[in-house]
Amino acid sequence: MTDQKVFEIFHAKSIISTKEVQKINDFEKSKPFSLHYELRLLLYLGIFLLSSGLGIVIYQNLDSIGHAAIVIFISFLVVACFAFSCWKKQNFTWDAVEQVNPFADFALLLGCLCFLTLEGYLQYQYNLFGEKYGLITFIPAIVFFFSAYFFDHRGILSMAITAFASWVGVSISPLAVFSKNDFTAPYFIFTSIALGLLYMAIGLLSELRKLKQHFAFSYLLLGSNLALIAGIAGVFSEHHKYLYTLIVLAISVGLFFYAKIKQSYVFLLTGIVFAYIAFTEAIFDIFPAGSVRAWFAAYYFVATGIGVIFLLFNLKKILKKR
């Protein structure tokens, strides 16, 4: 229902007068339009384009610019960005910090991206870490975790979580979670589930101990999806599939109750979807291939389809959300 329709209903019930309706309409037509989110999106896009362009320029002009000049320039950018963020930083607290200067957030993000560029260039050109390739991801993870908590930046926290997972050997970025991970290896499945559960535990601890409670969402979202995706891979594997089924169902039940407490659609749907996949695979694994399975599948998917419709219509009731 549009605002205009609401005003007409109020006017018909004599709640507001014709003159008041006209004043409200004039205000709605002349009020300023906020470009806050559009400008923030452009700033984020500019930072990523700047960091990407910096890498391309360095790659194409290595011989003409000079290695020392490149290192000095990137180092200057890193120091300048972190210095500006420290200058505009609010006092540290374990609660959420309201940023007075929005440019400090963007400067910190640019500084972290330039730090990655600098580290990669030093390793490529000077072999700074030698054959200790784990340091290439471990050092950024430490820097990003410290920056995320020190400056209260959830975007940098996501980068830290991803960098630490890369150090462990797991890729959790949305575009690479399936293409760069070998979910057919049992050890990899176990490592991914363990890492996901660790992130979930940190998120819950953050809420219980009130240590940057607003960071809990990032930990729980990334951790639960990583653990559940790895668990589903185990469900479809040939080793310990029923154990992985129990793990997926246990995590899904935990997400279900957490979603009810926090009234979160995201965690509710995540838990239900993964639990459905694991439960369906376990059920169909019981029936041998043939007419019995086909007969059961016809009724099963009809029944679960009705259940999905019922779920979508009763999400608010399940969460007890007004």
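Biologist: What makes α7 roughly antiparallel to α8?
Modeller: In this predicted model, the axes of α7 and α8 come within 8 Å and cross at roughly 155°. Angles over 145 degrees count as roughly antiparallel, which makes α7 roughly antiparallel to α8. The crossing in which α7 passes α8 is left-handed.

Biologist: Which residues of α7 meet α8?
Modeller: Among them are Gly 134, Phe 138, Ala 141, Phe 145 and Tyr 149 in α7. On the α8 side, the residues met include Ile 156, Leu 157, Ala 160, Phe 164 and Trp 167. Contact here requires heavy atoms within 4.5 Å.

Biologist: Why is the pair Asp 152 and Lys 212 called a salt bridge?
Modeller: The closest N and O atoms of Asp 152 and Lys 212 are 2.8 Å apart. The cut-off for a Lys or Arg side-chain nitrogen and an Asp or Glu carboxyl oxygen is within 4 Å, so the pair qualifies. The structure holds three salt bridges.

Biologist: How do you know that the pair links distant parts of the chain?
Modeller: Asp 152 lies in the loop between α7 (134-151) and α8 (154-168), Lys 212 lies in the loop between α9 and α10, and the two are 60 residues apart.

Biologist: Why are α9 and α10 described as roughly antiparallel rather than parallel?
Modeller: Their axes come within 7 Å and cross at roughly 155°. With the limit set at over 145 degrees, α9 and α10 are therefore roughly antiparallel to each other. Helix α9 passes α10 in a left-handed crossing. The residues in contact include Ile 193, Gly 196, Met 200 and Gly 203 in α9, and Leu 220, Gly 223, Ala 227 and Ala 230 in α10.

Biologist: What makes α10 and α12 roughly parallel?
Modeller: The axes of α10 and α12 cross at roughly 10° and come within 10 Å. Angles under 35 degrees count as roughly parallel, and α10 and α12 therefore fall in that class. The contact is made by residues including Phe 217, Leu 221, Leu 228 and Ile 232 of α10, with Phe 267, Phe 274 and Ile 277 among those of α12.

Biologist: Which residues form the nonpolar patch on the surface?
Modeller: The patch consists of Phe 236, Val 273, Tyr 276, Ile 277 and Phe 301, with about 450 Å² of accessible area together. Helix α12 (residues 265-286) supplies three residues, the largest share. Phe 236 lies in the loop between α10 (216-235) and α11 (241-262).

Technical notes:
Residues are numbered from 1 along each chain as its sequence is written. This is a predicted model: local features need pLDDT of at least 70, side-chain atom pairs count only at pLDDT 80 or more; totals for chains, interfaces and linings use all residues. Side-chain values use heavy atoms; hydrogens and water are left out. Patches are made of residues with over 30% relative accessible area and no salt bridge: like charges are joined within 9 Å, nonpolar side chains (Val, Leu, Ile, Met, Phe, Trp, Tyr) within 5 Å. Accessible areas come from the Shrake-Rupley method with a 1.4 Å probe; for residues, only the protein chains shown count as cover. Helices (H or I, at least four residues) and strands (E, at least two) are DSSP runs, numbered from the N terminus. Axes are lines fitted to C-alpha atoms, for helices over the stretch in contact, and angles run from 0 to 180 degrees between N-to-C directions. Angles under 35 degrees count as roughly parallel, over 145 as roughly antiparallel, 65 to 115 as roughly perpendicular and the rest as oblique. A crossing is left-handed if the near helix is turned anticlockwise from the far one by less than a right angle, and right-handed if clockwise.
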